[in-house]
Protein chains: 2
Amino acid sequence: MKITEGGVTAAKGFEAAGAEAGIKYQNRKDMALIYSQAPCVLAGTFTSNVVKAAPVLWDRNVVENAPFGQAVIVNAGIANACTGKEGYEYCERTAAKAAAVLGIPKESVLVASTGVIGMQLPIDRIEAGIEKLAGEKQDTSKAGTLAAEAIMTTDTHSKQAAAEVVIDGVKVTVGGMCKGSGMIHPNMCTMLAFVTTDAAISKELLTKAVKEDVTDTFNMVSVDGDTSTNDTLLVMANGMAGNSEINEVGPAYEAFREALHYVNESLAKMMAGDGEGATALIEAKVVGAATKDDARKLGKSVICSSLTKAAIYGHDANWGRILCALGYSGVSFEPEKLELYFESKAGKILIYKDGVGADYSEEEAGRILSEPEVTILVDMKAGEESATAWGCDLTYDYVKINADYRS
Amino acid sequence: MKITEGGVTAAKGFEAAGAEAGIKYQNRKDMALIYSQAPCVLAGTFTSNVVKAAPVLWDRNVVENAPFGQAVIVNAGIANACTGKEGYEYCERTAAKAAAVLGIPKESVLVASTGVIGMQLPIDRIEAGIEKLAGEKQDTSKAGTLAAEAIMTTDTHSKQAAAEVVIDGVKVTVGGMCKGSGMIHPNMCTMLAFVTTDAAISKELLTKAVKEDVTDTFNMVSVDGDTSTNDTLLVMANGMAGNSEINEVGPAYEAFREALHYVNESLAKMMAGDGEGATALIEAKVVGAATKDDARKLGKSVICSSLTKAAIYGHDANWGRILCALGYSGVSFEPEKLELYFESKAGKILIYKDGVGADYSEEEAGRILSEPEVTILVDMKAGEESATAWGCDLTYDYVKINADYRS
């Protein structure tokens, strides 16, 4: 596998655009288009929240029932959630407009929204935005970046990743973009993420690959424990790489999975590190767990703990809070057996063993915790399974951003 | 039922004291004693965290196996959690010292600790503190207040409540004290709480009453979602009121339950309102739910949502976050059916109905949310069950307190 530059336009035949449509923000791009020159096999995973935004309902229907997909229209600023029948009609009008402008079936257009809940979309501006986007779309890396910038809300930077693998002697590319960065607690996936690939792959195998991979990538991220109403991961495969269609598990499937995993994991980590107000990416790596499910629960419990997050912000090796978070994760274990380490570019240090704190230097621990990426390594000494979860520290700025997000 | 002044010394025959023992803090009381002139029937509930502090293990054993209890020794500053064999030995030494000084059996002494995890107790200071406490204990209201002050950590004020009922023509009193205010997410109960009563009641009925009542009181509170390693609620009944022993469900039991409920609910609400950094008590009242369990889950999900908590801090009627929190609670419901209101001393306002935001005044909503006690009222329109949960807003000060709690 080769890691490459770019995002949703990295794979062959994908075009993108980002435009200022004046949805809510002033003087910034707030609408994006992803367009494929050829019809795409689709897979998607959506929020598990009972309160689902209108675009989630629209897209789920397209992914499940439409013969193919070819374009995605995204807007930032307004989430189109809790908007009733009117909100759903705006999804349909968005798709209809894009279909007319792009010359594709309405049922092949996906829509996604992110922003404030409860407001209706200004549909006239959306429609004008679509015309702009269609006029500007390109298959360049620059166009992919414009799209990635246009979908941001409180994100501080755009998020893209891409990788190549060789299948049947031809180059297959997977690229993607996503946005965070509040209401990030994927129980499925919490965010908007779009992944494109030129791989030829059957719907069944694409669905399987996506389903398997989100469990260990997007679903292992939490910024604030709030599972959004709009969470969407869409994957589009247009087959333009020219490999023979992947329709069974084997080396070709595994190669595709590797590239997909790289892109998903990269995007997931970027989201965690750019959580609202965050100064550090926290990685909770659990090894030696009795079961895979235990490892995932333990890791997520640590990165979700407000007290742990605040301690990392303070560069304070307050490991009791981590033990505490492991203890209420719902997993049964013997606290005396596990070992806890802090690790970052500045070093690695044993913090807890045999049921008590290890004899470590607070100064050294503080230095390790002062890095922008910090790993909390937990060895449960209970088995062979492992999992990694990603989160971020809890800061003044998280409160500031969310105390007046609407105003 | 009559609401009265005082706390753990309100009921007949209970004495208390608070003293400076220099455990961790300077120039403040940090040890407390509760003592009963007569042996007590005991009931208790303890943290569900797999990582249990040494005092939790000690007390659970006393509550389950000792014939009676007669004293509690509490310290603030160090939690005696994750302290291994040495930590448990300090519980035993604490109990032994108190037993010797007070002239009661070691097995009748309960211990409780709150503070930093992972440090060993300075047992010499604990022992000196016990002598001080024993010398100063009194049955006055003032002594109860000194004890309530001594168990505080980041609490901004002490927490006490008391009530009287008449059973068999005699006055029966229930009084209590507790401390919060971080790591407050009771799954059982998250905090230290001590309730004393002069009721004569069998162990079986006292246990039943406590178990029933915590579900709707302490277990409905969350400050930060972190279930502590030390959570303890101890209830001591010394029978000195002189009523005939309550040993079956009936009017006497119900009268006792009413007073117990008042004390527990009052303490639980005080804890929520004094959550770390809080400026407001948030009450999430769910009515019209299909089941009691649904109502509880929905209420707790709302008060645990960081985004909702931050919005309340900003006096921002960002109701989408509340819908979102209801949606990921794990309860299945139709979002179009429910109604949402904000309520406080400043008024009551309909915010959401029929799947969309109601036509309310943002200014009025902001005024309602600016009060120190705010109710989020959710009518699920799905049945007859209800529950109330209590939490607090998420503020800069929460982060500040927890980013450097140890230092």
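Modeller: In this predicted model, the residues of β9(B) point two ways: Thr232(B), Leu234(B) and Met236(B) point one way, while Leu233(B), Val235(B) and Ala237(B) point the other way, and all are buried. In a regular strand the side chains alternate between the two faces of the sheet. Strand β9 of chain B covers residues 232-237 and is mostly covered, with six of its six residues buried.

Two strands pair with β9(B). Strand β3 of chain B (residues 31-46) is joined to β9(B) by six bridges, and the two run antiparallel; within this pairing, Leu42(B) has Met236(B) as its bridge partner. Strand β8 of chain B (residues 192-197) is also joined to β9(B) by six bridges, but here the two run parallel, and Leu192(B) stands opposite Thr232(B). Strands of a sheet pair through backbone hydrogen bonds, either parallel or antiparallel.

In soluble globular proteins, nonpolar side chains tend to be buried together. Taking Phe256(A) as an example, and leaving aside its neighbours within four places in sequence, its contacts are Val165(A), Ile167(A), Val172(A), Ala199(A), Ile201(A), Ala209(A) and Ile246(A).

Chain A as a whole has 11 helices and 15 strands. Its radius of gyration is 21 Å, close to the 22 Å that the globule rule gives for 407 residues, so chain A is as compact as a globular protein of that length. Along its principal axes, the C-alpha trace of chain A spans about 70 × 55 × 35 Å, and buried residues make up 63% of the 407 residues in the chain. Among contacts in chain A between residues at least 6 apart in sequence, 81% join residues at least 24 apart.

One sheet of chain A is open and has six strands, in the order β13-β12-β11-β14-β10-β15, with mixed pairing. Its edge strands are β13(A) (356-357) and β15(A) (385-392), each of which pairs on one side only. Within the sheet, β11(A) (residues 339-344) and β14(A) (residues 373-379) run antiparallel and are joined by five bridges, and Glu343(A) stands opposite Thr375(A) of β14(A). Helix α7 of chain A (residues 292-304) packs on this sheet, where it touches β10(A) (281-289), β14(A) and β15(A), and its direction makes about 20 degrees with that of β15(A).

Another helix of chain A, α9(A) (residues 320-327), has eight of its eight residues buried, so it is largely enclosed by the rest of the structure. These buried residues include Arg321(A), Leu323(A) and Cys324(A). What covers them includes α7, α8, β11, β12 (347-353) and β14 of chain A, together with β5 (109-116) of chain B.

Helix α8 of chain A (residues 306-313) also meets chain B, where it packs with helix α11(B) (residues 396-403) at an angle of about 70 degrees, with their axes 8 Å apart. The two helices, α8(A) and α11(B), are therefore roughly perpendicular to each other. Leu307(A), Ala310(A), Ala311(A) and Tyr313(A) of α8(A) make this contact with Val399(B), Asn402(B) and Ala403(B) of α11(B).

Methods:
Residues numbered from 1 in each chain as written. Chains lettered and ligands numbered in written order. Predicted model: local features only at pLDDT ≥ 70, side-chain atom pairs only at ≥ 80, totals over all residues. Buried ≥ 20, exposed ≤ 12 C-beta atoms within 10 Å, placed from the backbone. Helix = DSSP H or I, 4+ residues; strand = E, 2+ residues; numbered from the N terminus. Pairing = 2+ DSSP bridges. Rg over C-alpha atoms; globule rule 2.2 N^0.38 Å. Contact = placed C-beta atoms within 7 Å. Axes fitted to C-alpha atoms, helices over the stretch in contact; angles between N-to-C directions. Parallel < 35°, antiparallel > 145°, perpendicular 65-115°, else oblique.
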